Amino acid sequence: MAWLLLKIQANDQNADTISDALMALGALSASIEDAHAETVAEQAIFGEPGDPPPGIWQQNIVTAMLDESADIPQLLQALQDETQIPQFSYVTETIEEQDWVRATQAQFDPIHITDNLWIVPTWHTSPNENAINIILDPGLAFGTGSHPTTHLCLEWLTQQVSLGDVLDYGCGSGILAIAAKKLGSKTTVGVDIDDQAVTASRFNAEQNDTQDIAFYDANAFGNQTFDIVVANILSSALMVLAPALAKYCKTGGKIALSGILEEQTEALLARYSEWFTMDTPIQKDAWILLTGIKK
């Protein structure tokens, strides 16, 4: 058996309308994604505590899964009648039946961070059983070690002589907090604005026997200070959160910031230089890691 995917270009004004109409017209599923996802033009729509609720991307792709026998011209005519949108720009794609679990798992191999640190999905064995192996499956929250921003933070953590107390702000999957704990950190805390991220982080910590990491919703987090603060989040959020992240870092402590594109570096260096003596930026692909020591 096969399925037909209908992918329609949409904008922030009509994406929800098109998605709802497709479901009403019999689509098996409908989803909306950023038309520029996984490019430098990808649009961030998730804010920080106190910001308005997330909106929708300006340019979108609405994808409907249909039965293979679906009559696309007839469906598009019905969609035009339903939405009063005069015409659509679209493509179709056929998806063959397959073992979806195996197909998904095949995309994720163990990730080499250093010779002594690997990220290993549960369906694999580690290439180096004597290394520090973080057991982590792709899930609801950002951070599997495959993205350059996460890789930069992990590699930096392995280079620290002493980790002391560590804060992972914007913990996502909990990967940086878990790595810090396995690398020898003392008190280790993860914070995120997303309840699902906090839930995923706690689950992943249990999978890695690091249950003593404390994970908090950002709105419930207190005023602790740490020897190391790591934040792998959007650069716009890093700009807004600079005073708070500086407050969480002890004098003489270290900060590591990622989620930064090359062209955003100078603005963030200027912003954080108020509180930190900043180091030379570290780059991987188009992404930057900024580090510094609290004045």
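Where in the chain is confidence lowest, and where is it highest? I looked this up before anything else. The model is predicted, so I kept to its limits: local features need pLDDT of at least 70, side-chain atom pairs count only at pLDDT 80 or more, and totals for chains, interfaces and linings use all residues. Residues are numbered from 1 along each chain as its sequence is written, and side-chain values use heavy atoms, with hydrogens and water left out.

**Entry 1: confidence**

I noted that pLDDT is the predictor's confidence in each residue, from 0 to 100. Confidence is lowest in helix α3 (residues 100-105), with a mean of 54. It is highest in strand β13 (residues 276-278), at 98. Over residues 47-53 the pLDDT is below 50, and this stretch has nine contacts in the model beyond near neighbours in sequence. Contact means heavy atoms within 4.5 Å. Where pLDDT is low, the predicted coordinates should not be read in detail. For the chain, I wrote down a mean pLDDT of 88, with 89% of residues at 70 or more. Helices (H or I, at least four residues) and strands (E, at least two) are DSSP runs, numbered from the N terminus.

**Entry 2: helix α4**

I looked up two residues here. T150 is found in helix α4. Is T150 buried or exposed? T150 has a relative accessible area of 1%, so it counts as buried. The cut-offs are under 20% for buried, over 50% for exposed, and partly exposed in between (1.4 Å probe, protein chains only). The side chain of T150 makes a polar contact with the side chain of N232, at 3.3 Å. A polar contact is a pair of N or O atoms within 3.5 Å; within protein, one must be able to donate a hydrogen and the other to accept it, and residues adjacent in sequence count only if both atoms are side-chain atoms.

E155 is in helix α4 (residues 148-158). E155 counts as partly exposed because its relative accessibility is 30%. Leaving out residues up to four places away in sequence, E155 touches I113 and T114. I also checked E155 against A179: they are 24 residues apart in sequence and 10.0 Å apart in space, C-alpha to C-alpha.

**Entry 3: positive phi**

Q84 lies in the loop between α2 (72-83) and β4 (90-96). Its phi is near 65 degrees, a positive value in a residue other than glycine. Q84 is exposed because its relative accessible area is 66%.

D285 lies in the loop between β14 (282-284) and β15 (287-294). The phi of D285 is near 55 degrees, a positive value in a residue other than glycine. With a relative accessible area of 60%, D285 is exposed.
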